[in-house]
Number of protein chains: 2
Amino acid sequence: MPYDMPVIGLTLDRASAVPIQQQLFERLREMILCYDLEKGTELPSTRALAGAIGVSRNTVSWAYERLAAERYIATRPGAPARVTLEPAFREERVRPEGALPAPASALRTGAGLMRGHRTPRAIAERPGFWPFVPDLRQFPFKTWHRMVARHLQMSRHDDLTYDQPAGLPDLRALIAQNLRLSRGVVCHPHQVVITNGGQAALDVIFRLILKRGDMVWMEEPGYTGALAAILAAGATAAPLPVGPKEGWDLSHPHLVPPKAIYVTPSCQQPFCRVMPLAQRHWISDYARRTDAWIVEDDFDNEFLPPRTIIPAVQRLDGGQRSFYVGTFAKTMFPALRIGYAVVPEAFADDMAEATFISGHMASLPMQAALLDFIRQGHFARHMTKMRRVYDARKQRLLSLVQSTLHPWLEPLPTCVGLALPTLMRLPDVPVSEEARRQGLRIPPISGRYHQSSPRQGLLLGFCAMTEPELLANVATLRRILERAA
Amino acid sequence: MPYDMPVIGLTLDRASAVPIQQQLFERLREMILCYDLEKGTELPSTRALAGAIGVSRNTVSWAYERLAAERYIATRPGAPARVTLEPAFREERVRPEGALPAPASALRTGAGLMRGHRTPRAIAERPGFWPFVPDLRQFPFKTWHRMVARHLQMSRHDDLTYDQPAGLPDLRALIAQNLRLSRGVVCHPHQVVITNGGQAALDVIFRLILKRGDMVWMEEPGYTGALAAILAAGATAAPLPVGPKEGWDLSHPHLVPPKAIYVTPSCQQPFCRVMPLAQRHWISDYARRTDAWIVEDDFDNEFLPPRTIIPAVQRLDGGQRSFYVGTFAKTMFPALRIGYAVVPEAFADDMAEATFISGHMASLPMQAALLDFIRQGHFARHMTKMRRVYDARKQRLLSLVQSTLHPWLEPLPTCVGLALPTLMRLPDVPVSEEARRQGLRIPPISGRYHQSSPRQGLLLGFCAMTEPELLANVATLRRILERAA
């Protein structure tokens, strides 16, 4: 009973011929038997329970004594009564007779797509080859915790978050300023909306611009989370083909123009390519001609090598029909749960309100801590360091793949970002599954295809592995590939 | 330039006849002029910028010197260059020529409804009569910060949140157990999904069960946030009338049965009534007969007086067609951003995935801290204390209204929860607006009506006022009412 002052959600029938204490005993026993109160659960004191349900303390004592006599609970003077019965079906799910099936809905369709596609929990402890996972061992958590602690202390005035659904004004201004400089994004702070992670931003945007039956161009292969959000908004997706070496294929636009175009131009998933400037212009022009929206998920732009940095698509249309999405999950860490969107001026007010009513607001104390972390230069220092670390690890992985795994895996060496895509002739799913059995999680390239015949390959991450870990994992992968071949 | 290693999102045209340094100068000036870099903004060092965009350091120095000569920036040896120009239209929003209007969408319709209905920011510092605002001065923040700090320190393994979209298993189990005991809710931990606040839970639920054009019974007057979420899911709302003294009027069911029924049976908004058991049975039976879902927003159930505690509607149908929603915003504090839903078994898996793809996951370190806070008894202690504090303040407010404001305001004294609804003959909006001008925010009862002719009154909060604050605010309100009469 540790949660709260206990009050049993039951009404005793005072008009019944069954004595109150007997009723109480039966209801408590029912709860222990049916509602799987776990062994060890504390019951409320007789006084607390008596006060809560409006009976005398003697009534409760009587019921407790009977429960104890029948071994449902154990009582000891001066200590709380505790449940002793190990419920027979404690691990069973409640499946009432004739349970209703869940109906179809757009959100449910999108949700179903995601199953098996989320980053597995085991990755937190052994990232291995899982791609796009930052090296948390190198994050300055001590400094970060100092910032958070400070804002938790000072958070009383921030505790009513409801009037800043778009986020802390100073953080929005700082993000706007940086995006103008680093990505050429055309925006005023008013257009920046901070959300509970990047996926939340995608969710609100697609729901704002799409109606049921609308069609969206979606990169194929592409990021499953975005496709899920498109389907969840009730829309359909048409493939915008992307080749491992060829990049985006814009030569066969669909006969029906799309309502929106989703692209990840800084680091395409899974092929980690950068979209050339000419293609960005093409998309911007095409969207203008066909009156389509652009959703630019600028995933991993922070890790682009200097020479590949190209202005955001958003800049090319002056921010009129582009939604620009970013996240701090990779530059900071995923549990921060802070992402953002830059929306066209006409959407700014609605986006803020939509963030409120859909419950997507991000924690204000965390936003305040992030603002400090950036302003005091910790973010820039961390990024400078991690770019160097990740670059060295990528080069090392590339040379190991070329020297050790080359017969099987063909790396795509010109690719950018926090993963190394590789192609192979073997079917990738059995290799990925065998790797998983050996404690090594590697997503198959084919898993990123949703609408067409997939290429086979492995998407290798490298960010969070030290040299010994990398060597051991490469050796394991080599054995798996040898056996599979 | 504090955000990150600066890289200008621009490409210099190396084939152009214009010298590179001149191009760089012009682009930087354009950014200062057009993209409202604020006065005082640090520019990157010449070395950093040169490396980032692939030019020589001399090129950058030349551009900086020209910018300094023309007073756009100020340079000093050993210090970063800073923007000195006060942009002419710094506070202006970017309004590109021919800006596109935002199209209609269900989410936008819902969002529009919310404007002006959120808790204003000023409330954080002066809660006054604003209802349902916990007294943050009495929250044990020191203890809470200790819990959070501990989990921030230990959070590395939790930092990849993506595999627990439904929340921390232990917290889900604890919530399930408490709801079984305190509300009679029929559930297994598997059916509990933790979300980024209660509004997020409403958003996911309505999107899972509703299709465009579906109709929902919505309390009238009622909670605007729920109505906004219903409209945002593409559905329409039909009024389920609630009277200030009469309570829910279930005597005129609509000819068309609803797809879902939304109720706040523990503390109806704004009349703070508890739904009697017989009406709960009626709703449960009616939903079964018409194959409708029930969304039970059990708002403020934690503050019910013992004698008014009635089992949740969810219990009456065995959890088959009921979605039960709760939040820690009132028992803890709003910025915590942790809410939860109990969903029917058939929805449990989908609800977890839907929470992921819609970006509604709550922070795992915060969940872990909350779990500790509850397990160590701090939550129960805080609740015991606050129930006493709020009860005393409510009695005090009631007696002051009866003695001082009675000619104008008629309190509804049998009501429960963290607000005192009052009726009045005067129009409530002008009184609320005059109060606002005098620094006192009080929502008018009429603002909770969305579809029918409103009653007039004031919804008075009391939780966060000390005795002197209460006396001063009652005196102010009395002057306002005297003048308005």
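Analyst: Let us begin with P221(A), which sits in the loop between β4 (215-220) and α8 of chain A. Please keep in mind that this is a predicted model.

User: What is the form of the peptide bond from E220(A) to P221(A), cis or trans?

Analyst: That bond is cis, with omega near 0°. In general, most peptide bonds are trans.

User: Which other residues does a cis peptide bond join, and what is omega there?

Analyst: Q269(A) and P270(A) are joined by a cis peptide bond as well, with omega about 5°. P270(A) belongs to the loop between β7 (260-263) and α9 (277-290) of chain A.

User: And phi of F132(A), is it positive or negative?

Analyst: F132(A) has a positive phi, near 65°, although the residue is not glycine. Most residues other than glycine have a negative phi. F132(A) is placed in the loop between α4 (106-114) and α5 (141-153) of chain A.

User: How many residues of domain 2 and domain 3 of chain A are in contact?

Analyst: On the side of domain 2 of chain A, 25 residues take part, and they touch 23 residues of domain 3 of chain A.

User: Which residues of domain 2 lose the most area to domain 3?

Analyst: In domain 2 of chain A, they are E220(A), C272(A) and F303(A), which together account for 27% of what that side buries.

User: Which elements supply the side of domain 2 that touches domain 3?

Analyst: α8 (224-232) and β5 (236-243) of chain A each supply at least two residues to that side. β5(A) gives the most, with three residues. By type, the residues of this side of domain 2 of chain A divide into 14 nonpolar, six polar and five charged.

User: How many salt bridges are found over all chains?

Analyst: The search of the whole structure finds 32. One of the salt bridges in chain A is between the side chains of D170(A) and R375(A), at 3.3 Å, N to O. D170(A) lies in helix α6 (residues 169-183) and R375(A) in helix α12 (residues 364-375) of chain A, so this pair ties together parts 205 residues apart in sequence.

User: Now to chain B. In what order do the eight strands of the open sheet run?

Analyst: The order in chain B is β3-β10-β9-β8-β7-β4-β5-β6, with mixed pairing. β3 (192-195) and β6 (247-248) of chain B stand at the edges with a single partner strand each, so one side of each has no neighbour in the sheet.

User: How do β9 and β10 of chain B run, and how many bridges join them?

Analyst: They run antiparallel, joined by four bridges. T327(B) has G339(B) in β10(B) as its bridge partner.

User: Finally, what do β1(B) and β2(B) form?

Analyst: They form a hairpin with two residues between the strands, and G78(B) in the turn has a positive phi of about 80°. β1 (residues 73-76) and β2 (residues 79-83) of chain B pair in the antiparallel sense over three bridges, and I73(B) stands opposite V83(B) in β2(B).

How values were computed:
Residues are numbered from 1 along each chain as its sequence is written. Chains are lettered from A and ligands numbered from 1 in the order in which they are written. This is a predicted model: local features need pLDDT of at least 70, side-chain atom pairs count only at pLDDT 80 or more; totals for chains, interfaces and linings use all residues. Side-chain values use heavy atoms; hydrogens and water are left out. Contact means heavy atoms within 4.5 Å. Buried area is the accessible area (1.4 Å probe) that two parts lose on being put together, summed over both. Ala, Val, Leu, Ile, Met, Phe, Trp, Tyr, Cys and Pro count as nonpolar, Asp, Glu, Lys and Arg as charged, and the others, Gly among them, as polar. Two strands pair if DSSP finds at least two bridges between them. A salt bridge is a side-chain nitrogen of Lys or Arg within 4 Å of a carboxyl oxygen of Asp or Glu.
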